[in-house]
Amino acid sequence: MVRFEDHRAHVETLVAAALEAADPVGAVGRGAPGEIRRKPVRVVAAGKAAPGMVRGLVEGCGCEIRAGVVVGPPGTAAALGGVALGTALVLEADHPLATERNVKAARAVAEFALAAGKRDGAAAPVGPLVVLLSGGASAHLTLPSRGLTLADLRAVTGALLRAGAPIEDLNCVRKHCEVLKGGGLARLAAPAEILALVLSDVVTDDLSSIGSGPVWADATTYLGALEVLDLWEVREATPRAVLSHLEAGARGEREETLKPGDPALAGVRAAIVGSNAMALEAIAAGARTLGFQVLVDRAPLVGEARRTGQELGTMARRMRAELAAPRCVVRGGETTVTVRGTGVGGRNQELVLAAAIAMEGTPSVAVASLATDGVDGPTDAAGAIATGETCAAARSLGIDAAAALENNDSRTFFGRIGGLIRTGPTGTNVNDVTVVLAYPAAG
């Protein structure tokens, strides 16, 4: 019997299924094409899952890494202990705002790509240049365009994040202020053959968005980047150097990002080895095994977190009213938070808090949401779980759910009532996953 009393255990099972599907070692081992297996390769890796993807290339595919640059989060060097990397450099970088070590790492990648292109233009290469990309690669591959500084990039990125701009808009600006994004890595490496293996952190799996598209064509423009600043009302918070650079680009005085048909892209191929869709299917399979009727909603979960959470909480109420059997709705995506308060929280925790308020008093329902990288915003939690009883339980402790939501203080709220989901850093990133569970009445 599928019981509401077991909802926390059910969520834990479904979270484990999602993370197993997104495991970078297994994803690369399963998804890499046969042509590179047990062959010598050169590698550029960037993103939160870089250590696992490199391990997958070596352990899952039997590849021999001859040279390259691996850029990953703090702890990457330790995570790759014992892996034969040839002469490849291992460099650590930060996220979401880049630091000087990100710039150092990105410069090393640029230099390696340029050398690979020159070498391949002069002699037969040692197989393709394998580019391993995962969520976080945009920050890890931060190399300011000429005339811009890291401080300039941090200022405009921070302003857009605080304004709640979606990743597509953030990346549009990044691509036009940096060297490696928007096809820049492919431009430097041309004419080298490139095989990109991707752990997608973009729900649509749009290759031009993943990692800000370092080896793909880009449809955005300098003018579009200026329009993003206006849309999110951050021009005043944008450094003058960035505005001048973008304005010069819009006048045709800067080289545009690579567009479809550019010769630099002729030798580029890609395979998505892990994605949000794959994680959602794993959750669905796990939920069916537990005894739920399952709906995987393919519409990307985007927009303001609190508004989306309210909609999901309302959905939970409706599901419970119409219930004939245990039901599970699975969603995936990445919402945003417009920060107005002074509290601490993350987009998943804020979403779940809003859902808790919307479904208050509804029996036998639960909503859970988490970031698959294990880090929900600037917090120590991956996400949160709430039920129709959450707000009442909070009130009994003197905690006001609506006030916490208004103050963007979801981490404090769930920390006090015991609703946090903690996984620790997972070494992967395929966006966020959300489940809505509804249970029939006991007996």
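Just after α17, G418 takes a positive phi of about 85°. This is a predicted model, and the notes below look at helix α17, which spans residues 410-417.

**The buried face**
- Which residues of α17 are buried? They are S410, R411, F413 and F414.
- Look down the axis of α17 and these buried residues fall within an arc of 160°, so they line one face of the helix.
- The cover over them includes three helices and strands by name such as α14 (347-358), β10 (383-387) and α15 (390-396). Also included are α16 (401-406) and β11 (420-421).

**A look at R411**
- R411 sits in helix α17.
- Its relative accessible area is 18%, and since buried means under 20%, R411 counts as buried.
- Leaving aside residues up to four places away in sequence, R411 touches V344, G345, Q349, T379, D380, L420 and R422.

**Packing against α14**
- α14 and α17 pack with their axes 9 Å apart, at an angle of about 70°.
- The two helices, α14 and α17, are therefore roughly perpendicular to each other.
- Their crossing, α14 with α17, is left-handed.
- On the α14 side, the contact is made by Q349, E350, V352 and L353.
- Sorted by class, the contact of α14 with α17 has 4 nonpolar, 2 polar and 2 charged residues.

Conventions
Residues are numbered from 1 along each chain as its sequence is written. This is a predicted model: local features need pLDDT of at least 70, side-chain atom pairs count only at pLDDT 80 or more; totals for chains, interfaces and linings use all residues. Side-chain values use heavy atoms; hydrogens and water are left out. Buried means under 20% relative accessible area, exposed over 50%, partly exposed in between (1.4 Å probe, protein chains only). Helices (H or I, at least four residues) and strands (E, at least two) are DSSP runs, numbered from the N terminus. The arc is that of the directions from the helix axis to the C-beta atoms. Contact means heavy atoms within 4.5 Å. Axes are lines fitted to C-alpha atoms, for helices over the stretch in contact, and angles run from 0 to 180 degrees between N-to-C directions. Angles under 35 degrees count as roughly parallel, over 145 as roughly antiparallel, 65 to 115 as roughly perpendicular and the rest as oblique. A crossing is left-handed if the near helix is turned anticlockwise from the far one by less than a right angle, and right-handed if clockwise. Ala, Val, Leu, Ile, Met, Phe, Trp, Tyr, Cys and Pro count as nonpolar, Asp, Glu, Lys and Arg as charged, and the others, Gly among them, as polar.
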